[in-house]
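Subject: Structure handover

Hello,

Here is the structure we talked about handing over. Please open it alongside this email.

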Amino acid sequence: IDAARRSEPLHGVSSSFRLAAFKKLSYAEQLFTIADIERTARGLAPIAGLTSQLRRLALSAAAGQRDPAASLPLRLAGGGVATYYGSNWAEGTANPLGADYFWMYDDGPNSPNGDCPRAGAAGCWGHRENVLGAYNNRAYCPSGLKINMVMGAGEVTARVAFAPSIAEIFVNDCGSLPSMYFTWSDVQRLVFGR
């Protein structure tokens, strides 16, 4: 991933990144951490955190070997209403870092992305676009409501073709920040020691 990041060019991950601490996180927390590292490296706002409700959506999709989907508008527990989302699914990539590599750096022509059969196809780089999506766009929420970005992620290893089956979903939230169980502040403290 560091080599691929230099090709953009992006700097490598901060030297304060503690791999041992990262490995102690759950797969969902690792996916969240990686997504926010990718976002913030490009000057985008980080996703605020993981919600249990969206995690259940991601786990169901991982078990079904498909991208997570949400019926919109979606009321978020403890928060507002989601009106827009993006989602990714991968299978057999060994771990969240493998999934991130394929979603972010090998998602175009001649890649494992089934939605990109040839250069210029609509699905090329779609996974990357989902990770870097503008879920905080004012156009997605009624005027005057606060806009939050939250995520769900999960992995399943049993009864899938190629384990692990990994899924993530990113949503906007119009209104109050929903209940979260893991946040970007947690990543800063646990993984970067800040």
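How many nonpolar, polar and charged residues are in the lining of the second largest pocket? There are 8 nonpolar and 4 charged residues, and no polar ones. Please keep in mind that this is a predicted model.

**Second largest pocket**

The space in this pocket comes to about 190 Å³. Its lining includes Ile 1, Asp 2, Arg 5, Val 13 and Phe 17. Leu 19, Phe 22, Ile 34, Ile 37 and Glu 38 also line the second largest pocket, as do Leu 97 and Asp 100. Helix 1 (2-6), helix 2 (19-24), helix 3 (27-41) and helix 5 each give two or more residues to this lining. Helix 3 gives the most, with 3 residues.

**Largest pocket**

The largest pocket holds about 320 Å³ of space. Its lining has 15 residues. Nearest the centre are Trp 89, Ala 90, Glu 91, Pro 112 and Asn 113. By class, the lining of the largest pocket splits into 5 nonpolar, 5 polar and 5 charged residues. Strand 4 (85-91) and helix 5 (96-105) each supply at least two of the lining residues. Strand 4 gives the most, with 3 residues.

**Aromatic pairs**

The whole structure has 8 aromatic pairs. One of them joins Tyr 84 and Tyr 135. This pair is tilted, at 5.7 Å centre to centre and 40° between the planes. The two residues are 51 residues apart, so the pair links distant parts of the chain. Tyr 84 sits in the loop between strand 3 (81-82) and strand 4. Tyr 135 sits in the loop between helix 6 (126-131) and strand 5 (147-156).

Are these two tyrosines buried or exposed? Tyr 84 counts as partly exposed because its relative accessibility is 31%. Tyr 135 is buried because its relative accessible area is 1%, and the cut-off for buried is under 20%.

Tyr 135 also pairs with Phe 170. Here the rings are stacked, with 5.7 Å centre to centre and 15° between the planes. Phe 170 belongs to strand 6 (residues 165-174). Tyr 135 and Phe 170 are 35 residues apart, and this pair too links distant parts of the chain. Phe 170 counts as buried, at 0% relative accessibility. Tyr 84, Tyr 135, Tyr 140 and Phe 170 form one aromatic cluster.

**Backbone points to check**

Pro 73 lies in the loop between helix 4 (52-64) and strand 2 (74-75). The bond from Ala 163 to Pro 164 is cis as well, with omega near -5°. Pro 164 is in the loop between strand 5 and strand 6.

Arg 159 is found in that loop between strand 5 and strand 6 too. Its phi is near 55°, a positive value in a residue other than glycine. Arg 159 is exposed, with a relative accessible area of 79%.

Trp 125 is not a glycine either, yet it has a positive phi of about 65°. Trp 125 is in the loop between helix 5 and helix 6. With a relative accessible area of 31%, Trp 125 is partly exposed.

Best wishes

Methods:
Residues are numbered from 1 along each chain as its sequence is written. This is a predicted model: local features need pLDDT of at least 70, side-chain atom pairs count only at pLDDT 80 or more; totals for chains, interfaces and linings use all residues. Side-chain values use heavy atoms; hydrogens and water are left out. On a 1 Å grid over the protein atoms alone, a cavity is a set of points where a 1.4 Å probe fits but cannot get out, and a pocket is an open set with protein on both sides within 12 Å along at least five of seven lines; lining residues have an atom within 4 Å of a point. Grid points are joined across faces, edges and corners, and a volume is the space filled by probe spheres set on the points. Helices (H or I, at least four residues) and strands (E, at least two) are DSSP runs, numbered from the N terminus. Ala, Val, Leu, Ile, Met, Phe, Trp, Tyr, Cys and Pro count as nonpolar, Asp, Glu, Lys and Arg as charged, and the others, Gly among them, as polar. Rings of Phe, Tyr and Trp (its six-membered ring) pair if their centres lie within 6.5 Å; planes under 30 degrees apart count as stacked, over 60 as edge-to-face and the rest as tilted. Buried means under 20% relative accessible area, exposed over 50%, partly exposed in between (1.4 Å probe, protein chains only).
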